[in-house]
Amino acid sequence: MQEFDRTLLEFILSVSRFNYKNIRGDPLGELYQKHFTQETRRALGEFYTPPTLAEYVLDSAGYDPLESDRDLRQQRLIDPSCGSGTFLIQALEKYREQCGEDTNWATELRNLCERSRLVGLDIHPFAVVLAQIRFMLDILPEYGEAVEQEGPGFVLKRLPIYRTDSLIDESQVEEGLQRTLTASHDEGMIEFKMPLPIRQGSDFESLPFELPEFSHVQEETLHEIQNQQQYFSALLGVFDAVKEIGGRQERYEVEQDELESYFTDYFEPHINTEQIANVFLDTANGFLGTVEELRHDYNDGRLLKLIEDVVLASVVKNDISHDYVVGNPPWVAKQNRYTGDDQNRRMQQLYYSAWGESDPYMEFIERGLDMLHTGGKLGFVVSNRFLYNSGAKEVRALLAKNEIKEIIDFTDVPIFPEATNYTATVTVEKEVENDDWSSFVEDGSFTSDYTITGTRVRQWDVTNDSDVIDIPALVETIRSRDPHPTIEFFDVDSSVFQERVWVSRGEVYREENSTRYTANGQRVTVSNQLPIADTWPFCPDTEQQLLDKVEERMDLRLGDRRVIRENKLEDAPNLVGDDIRVGIQTSGDSAYIVHPTIGISKEKFAEIDTLPITPREIDETYTVETDLLKIDISSEDVDRWLPSWDNRLVFVPYKQGDERAELIRPKELHDEYNLTWEYFTEPIVLETLSNDSVEREEIHNRLAFELGVIEEDEVIDDNGNENFRLPDLSTSQYQELSNELRANVDWLDRHDEGGIGTCIGRISRYYHAQKSSLVILYSGINCALMRRE
């Protein structure tokens, strides 16, 4: 929290000093990038999207007034992970182009903000505030015109950007099992119970409230409320009344005729607003009672904004269908996500893609498709791993049954300079619902046939004045599709992807999966039937033909057990490497990957006993034994079959056992490799490893508790249970933890079930090739012998 407070203060000071008279470029987006540390944004999976790339994705999805045959002012676009609002601002510019010169901006701004034409959602409160500021600044000229047209009484009562967890569908939330919100249904009402950012002792206060369900409102208003947009408009009127009466006037009860007056701004004269006010009267008075309680008990009625965001966002994301879903959803490895069993259980109930080693962007793809009506389009910036990763098989099956319009694979071109990721964009038009696995299948194959526009960027060396990759120039080159030596433009027949989805008995085959959880003291089994799609070869046709020939003619073939061709599971007894796994995935590269501070060659490395090294992200030098260091080769080092070496090493704290590699226990590490033990128990190394991995941070917090560094109340959650993800150790506490670890080696060895892995934090995965002398060391490279699961 101290770091967040400091960040917020720095941001406020920056904004207060900013000159808004001549805004150029994207200054607030840059502030968002600057004032959150790289570690924070990496943990959230959030990185600022270059505006030109956002504009391209919008164009690819068809949100373009010059190309679309539909009026954007009647369309709905939503960004479910809006961050600082880059996609929204680019979409707003296109919306403005659609309006033209002689526009009644009072009408258009109401249409824009009150009828869900452009909506942004994000779970991060700072991002939501920043996106709202950017949106407000961008519409200021039009707002000024609206005031001139309609007079000084013109007011926009809210901006269409809300704080919420886009992946949660409140209409399906079960009582007591959601981290941030619980909801239940009773006699036409949705009953919410939301934790507040207010502590009473060791627990957070929770706030109950309720509102009528859409179907109940529809019935009780005698169908004056006919659709979800009208239901949303009625809720806007309710919150207008509550904020005016309970906020400015400090009254806590409203009569029906007074409430009715707040609906007239949102409904045509022929709509019976008296009937609507009658149905929502109890809801409005319930919210006013909540405002009174908040003001009386906590001296803060502004917390009503939290409720407003929850309610309005739940309608926008769960009930209203959209024409466009766009954005750059978060990418963060599963082992680095702050999730518990309850959250994992909910995700697995809601999403096919939540069952494997998934990144959240896969769940966002699934959620985004669900938000669209048939014929709507999704345009996302994502990781290219959805093409090749076996953990994305469910997402590939979902995409294949819709119509993929365009894919761009940027390979390892650093679109986001501060993050090591492999970027892609995907545009898809929705054809069927997510739970429909048969309507598009006929005679054992897919019925649709279309062409996908493909681009693969192998290299891009053009930089701007700051020596950073020139993204605008790259995007403009892709847009033109003119021949380029390092960019491949090609088309892909949809059958190439569709035929790699397993079809059986007239529908996509789905495999039963189940997981057991403990919820409210009871064992709960979550089950789902998951589709299976093989990896996708995204390449030009000539390359695909070559791959097919190699596959046909080889006596032995690399692959796993799930080889799917022509929509059938292939009987492939000639497969080798059918259990291929990740080699080394440290989930702690900042400390595990190191550089020698003296010049050595690969050939001489084995002759050296100790070596001075500098960790990747720590500006210190340490001397360690070389026994547990291996030469590290990554994708950047591979060039035409033979790898070069960038003077980089990686710690592998394992030894070969009888059957498999085994983690080295703390006592053995201390006794046999004391310099390495000292390195891994350095305070700054412990802190760095915690920053790199949620799992390691939890381990360190547990050790800090057991060794007396932190108190019991620091690890007890709101329900009275131990939760070792709660503490945020300070630098001085890491120093104490270091001292205690070094002083209690024997205790640590007795209590450590997983060797150094539990003590310091294990390397996530390690594969030793059948006790062979060949140990494949790998940090993000896709090669013939390995692929990520």
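Thr411 is a buried residue in this predicted model, with a relative accessible area of 17%. Because the cut-off for buried is under 20%, that value puts Thr411 in the buried class. Its place is in the loop between strand E9 (403-409) and strand E10 (423-429). The backbone is worth a look too: phi of Thr411 is near 45 degrees, a positive value in a residue other than glycine.

Most residues other than glycine have a negative phi. Arg481 sits in the loop between helix H17 (471-480) and strand E14 (487-493), and at 30% relative accessibility it counts as partly exposed.

| Residue | Relative accessible area | Class |
|---|---|---|
| Thr411 | 17% | buried |
| Arg481 | 30% | partly exposed |
| Leu546 | 53% | exposed |

Leu546 belongs to helix H19 (residues 541-553). Together with Val550 and Met554, Leu546 makes a nonpolar surface patch of about 290 Å².

Now to the interior. In soluble globular proteins, nonpolar side chains tend to be buried together. Here the largest nonpolar core has 150 residues, and Phe280, Phe386 and Ile404 have the most contacts inside it. A second, separate core has 22 residues, among them Leu628, Ile664, Tyr673 and Leu729.

Leaving out residues up to four places away in sequence, Phe386 touches Tyr361, Ala392, Arg396, Leu399, Ile407, Ala424, Val426 and Trp536.

Note on methods
Residues numbered from 1 in each chain as written. Predicted model: local features only at pLDDT ≥ 70, side-chain atom pairs only at ≥ 80, totals over all residues. Heavy atoms only, no water. Patch = residues over 30% accessible without salt bridge, like charges linked within 9 Å, V, L, I, M, F, W, Y side chains within 5 Å. Areas by Shrake-Rupley, 256 points an atom, 1.4 Å probe, with all protein chains shown as cover. Salt bridge = Lys/Arg side-chain N within 4 Å of Asp/Glu carboxyl O. Helix = DSSP H or I, 4+ residues; strand = E, 2+ residues; numbered from the N terminus. Buried < 20%, exposed > 50% of the residue type's maximum accessible area, 1.4 Å probe, protein only. Core = buried A, V, L, I, M, F, W, Y, C linked by side-chain atoms within 4.5 Å. Contact = heavy atoms within 4.5 Å.
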